[in-house]
Amino acid sequence: MKSPYAKIELDDTDIKILRILQDDGRLSNAELAERVALSPSPCWKRLKRLESIGVIKGYQAVLDRHLMGLGVVVFVSILLDNHTELTCRTFEKWVLEMPEVMACHNISGQHDYLLQVLAEDLETFSKFALNRLRTIPGVKEMQSSFSLLELKSSSRICVR
């Protein structure tokens with residue numbers, strides 16, 4: 001059985017397209033075609049192929065969290081009280097519905113999940129942690145680490 005994470009075959013032109021779109025997803029097809037030295041029709045076909053096979057999952061605006069009033073980044077390690085399928089799926093369902101949670105990873109090691117949370121300030125995070133995260137069924141322990149300095153934050157993938 002082939003892994004769902006099998007690498008997709010990309011040629012140099014596909015890679016150029018992906019690199020350019022990660023910098024500016026609002027380019028018109030004509031502008032993109034010019035930058036990758038293709039005529040518009042073949043460029044459009046490549047773009048549609050990259051979208052249809054799922055390499056390009058979508059397009060979105062990148063917002064400045066500071067200007068949006070979200071000054072606090074918190075990494076929250078979660079330990080569940082057990083590892084039954086029901087407990088894990090219940091936790092995941094709750095977290096997926098929380099817009100404050102920017103990322104959630106099921107991790108190895110001492111804790112079960114690692115969340116990245118954005119909040120306006122410490123008081124807002126405290127209310128979120130105490131009134132929402134802590135109340136999720138199955139949560140046994142939470143450990144929060146606050147970002148003191150954000151050196152790098154990107155959703156850009158290194159395309160080789």
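When I say that two residues are in contact, I mean that they have heavy atoms within 4.5 Å of each other. What we have here is a predicted model, in which local features need pLDDT of at least 70 and side-chain atom pairs count only at pLDDT 80 or more, while totals for chains, interfaces and linings use all residues. Residues are numbered from 1 along each chain as its sequence is written, and side-chain values use heavy atoms, with hydrogens and water left out.

Let me start with Ile78, which, leaving aside its neighbours within four places in sequence, is in contact with Phe91, His111, Asp112, Tyr113, Leu115, Val139, Glu141 and Met142.

Buried means under 20% relative accessible area, exposed means over 50%, and partly exposed lies in between, with a 1.4 Å probe and protein chains only. The largest core has 20 residues, of which Val76, Ile78, Phe91, Leu115, Val117 and Phe125 touch the most other members. Strand 1 (72-80), helix 4 (85-96), strand 3 (113-119) and helix 5 (122-133) each supply at least two residues of this core, and the largest share, five residues, comes from strand 1. Helices (H or I, at least four residues) and strands (E, at least two) are DSSP runs, numbered from the N terminus. There is also a second, separate core of 14 residues, which includes Leu21, Leu32, Cys43 and Ile56.

Cys43 lies in helix 3, where Cys43, Leu47 and Leu50 are buried. In general, an α-helix has 3.6 residues a turn, so residues three or four places apart point the same way. The buried residues of helix 3 pack against helix 1 (12-23) and helix 2 (29-35), whereas the face turned away from the buried side carries the exposed residues Lys45 and Ser52. Just after helix 3, Gly54 takes a positive phi of about 90°.

Finally, UniProt, in an unreviewed entry, lists residues 10-71 as "domain: HTH asnC-type". Over residues 10-71 the chain is 52% helix and 0% strand, and the end C-alpha atoms are 39 Å apart.

Definitions and conventions
A nonpolar core is a set of buried Ala, Val, Leu, Ile, Met, Phe, Trp, Tyr and Cys residues joined through side-chain atoms within 4.5 Å. UniProt positions are given in the numbering used here, feature names are shortened, and annotations may be inferred rather than shown by experiment.
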